[in-house]
Amino acid sequence: MSAVPAWRAFEELPSTNDTARDWLAQGAPHGAVITADRQTAGRGRQGRSWVAPAGALALSMVVRDGLDGLLPLRAGLAVAQVAGSAARVKWPNDVLIDGRKVAGVLVELVDDAGAPAAIVGIGVNVAVDPLDLPPAVAARATTLDLPPAQLRPFAASLSEALLELLTASSDEIVRSLAARDALAGQHVRWAGGEGQASGIDRDGRLMVRGDDGELHQLSGGEVHLL
Ligand code: BTN
């Protein structure tokens, strides 16, 4: 396992992604990690806010190498590997257990003085009490239900797993995803239609055999299980 080169842990931050972005601008090395016990302005995908109860992990990593279309999926795979054999990656950014979301990934691309970089933000319900989940999300979310003392070890294992996966070849990632693909073979709906999810390609696109018979390669957006 690769060692994380630098780590800053906070009790509270607005968003670990913002602090990681500031650190990146100040020269944080590839693989540097920021964690927070609480976020006051956590961000989710599609402009949504990310509200997490006590016991949730908020972690962001500075990524300078290995930027490709598979980046969010590498992060999802890292979570799934540490979360256990029941965890599945739901394209493009979620990790599910028994069909319920246990983690989300938010990748933000950054131009660092002309060099492409990214902040990979990951929120995981590590030690969340299910009763603390907001009612609106409780039906769709779950928790690893680990003891709070496991938050730091989980964060360390996750960071090491992600650093490792950032150097894995696209083919290796595609193979690992195939074994953990929450959507494979499922009937899904996306903004452009409905069809059967048929795997993830080397560029991180979801392939869907549409009900119209055509093969669609989705490179972003939301997909819903039907
Ligand atoms: C999503 O599912 O919409 C993505 C959620 C990502 C949340 C994480 S928590 C750590 C990092 N900091 C943020 O503000 N967001 C990400």
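Me: Where does Asp98 lie in this predicted model?
Reply: Asp98 is found in the loop that links strands E5 and E6.

Me: What should I look at in the backbone there?
Reply: Start with the general idea: residues other than glycine mostly have a negative phi. Now turn to this structure: Asp98 has a positive phi, near 50 degrees, although Asp98 is not glycine.

Me: Which two residues are joined by a cis peptide bond?
Reply: Again, the general idea comes first: most peptide bonds are trans. Here, the bond between Trp91 and Pro92 is cis, with omega about 0 degrees. To find the spot, look in the loop between strand E4 (87–90) and E5, where Pro92 lies.

Me: Now for the pockets. How do I see where empty space is left?
Reply: Picture a probe the size of a water molecule rolling over the atoms; the rolling shows where there is empty space. In this model, the largest pocket holds about 1,000 Å³ of space. Its lining is made of 41 residues, and Arg48, Trp50, Asp94, Lys101 and Arg140 are the closest to the centre.

Me: Which elements give two or more residues to that lining?
Reply: They are H1, E3, strand E5 (94–97), E6, E7 and strand E12 (223–225). E6 provides the largest share, with five residues. Sorted by class, the lining of the largest pocket has 18 nonpolar, 14 polar and nine charged residues.

Me: What takes up the space of the largest pocket?
Reply: The ligand does: the space it takes is the largest pocket.

Me: How many residues surround the ligand?
Reply: The shell has 20 residues, and the closest are Ser15, Gln39, Arg43, Arg45 and Lys101. By class, six residues of this shell are nonpolar, ten are polar and four are charged.

Me: Which elements supply at least two residues of the shell?
Reply: Trace helix H1 (16–25), strand E3 (56–63), strand E6 (100–112) and strand E7 (115–125). With four residues, E6 gives the largest share of the shell around the ligand.

Me: How much of the ligand's accessible area does the protein cover?
Reply: On its own the ligand has 420 Å² of accessible area, and the protein covers 99% of that.

Me: What is the volume of the second largest pocket?
Reply: That pocket has a volume of about 330 Å³. Its lining has 20 residues, and those nearest the centre are Gly69, Pro72, Asn93, Val107 and Ser219.

Me: Which elements should I follow around this second largest pocket?
Reply: Follow helix H2 (71–83) and E6, each of which supplies at least two residues of the lining. The largest share, four residues, comes from E6. By class, the lining of the second largest pocket has ten nonpolar, six polar and four charged residues.

Key:
Residues numbered from 1 in each chain as written. Predicted model: local features only at pLDDT ≥ 70, side-chain atom pairs only at ≥ 80, totals over all residues. Heavy atoms only, no water. Near = heavy atom within 4 Å. Areas by Shrake-Rupley, 256 points an atom, 1.4 Å probe, with all protein chains shown as cover. 1 Å grid on protein atoms, 1.4 Å probe; cavity = no way out; pocket = protein on both sides within 12 Å on 5 of 7 lines; lining within 4 Å. Sits in = over half its atoms within 2 Å of the grid points. Nonpolar A, V, L, I, M, F, W, Y, C, P; charged D, E, K, R; others polar. Points joined across faces, edges and corners; volume = space filled by probe spheres on them.
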